[in-house]
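Let us read this structure together, one feature at a time, with each general idea placed beside its case.

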Amino acid sequence: MLPGFAARPLFPDGACCDDTRQECDDKAVRKLLSNFGSARSEESCGAVVELLERVTRLHKQLELKESQVEIDMDQMKDSLVQELQQKAEETELLQMELQMLETERVRLSLVEEKLVDILQLLQQLRDLNVSRRSLGKILLSTLESCSDPQHGKAHILEVLNALYHELAACEILSTGGPLQRTQSQQSLNALVISC
């Protein structure tokens, strides 16, 4: 064996077949020396040793780069997984928001329909020459009957429904005669007047 070679392996694990590390290194040195000529030549031995040291250094650098690539890949994978989770959470929030908007759209559509119905009734009553004062009384009695300390979106629809029924209950629409209301509306007016 050449001096200074016994302590360092020339090739990484698995580079040789079934030989021990020392036998593998010895075979590699002999093969390299035979390619350079005489095994006794000091200059050939130095060149072979230098080549083997360079190969070992390059191999270690390659291993370091491979491990760094693996670390980088793991970091990139973790980053992408986090980004995907964040996007999934954002998508979930957007779906909830969309559902809330759809609910609000349906509610507003109901309010719009009820307002159209009320406006049609008001127009019919105006065409029948019902006074503004009578219409104002109907509106005020409806508002007073629906007064609720908890004003909210659902309450608006209740008020509109009550106003619609108050206006529709006017007998003038069905008979074409003077403004008359059903018994329930008359009793409601009595309450308003007594206050």
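Q: Why does leucine 143 count as partly exposed?

A: A residue is called buried under 20% relative accessible area, exposed over 50%, and partly exposed in between (1.4 Å probe by the Shrake-Rupley method, protein chains only). Leucine 143 has 42% relative accessibility, and therefore it counts as partly exposed. This is a predicted model, in which local features need pLDDT of at least 70 and side-chain atom pairs count only at pLDDT 80 or more, while totals for chains, interfaces and linings use all residues. Residues are numbered from 1 along each chain as its sequence is written, and side-chain values use heavy atoms, with hydrogens and water left out.

Q: Where does leucine 143 lie?

A: Leucine 143 belongs to helix 3, residues 132-145, a helix being a DSSP run (H or I, at least four residues) numbered from the N terminus.

Q: Which residues form the largest nonpolar core?

A: Such a core is a set of buried Ala, Val, Leu, Ile, Met, Phe, Trp, Tyr and Cys residues joined through side-chain atoms within 4.5 Å. Here the largest one has twelve residues, namely Val111, Ile118, Leu121, Leu125, Val130, Leu135, Ile138, Leu157, Leu160, Leu163, Leu167 and Cys170. At least two residues of this core come from each of helix 2, helix 3 and helix 4 (153-168).

Q: Where is confidence lowest and where is it highest in the chain?

A: The predictor's confidence in each residue is its pLDDT, from 0 to 100. The mean is lowest in helix 6 (residues 183-194), at 40, and highest in helix 2 (residues 42-127), at 91, whereas the chain averages 75, with 63% of the residues scoring at least 70.
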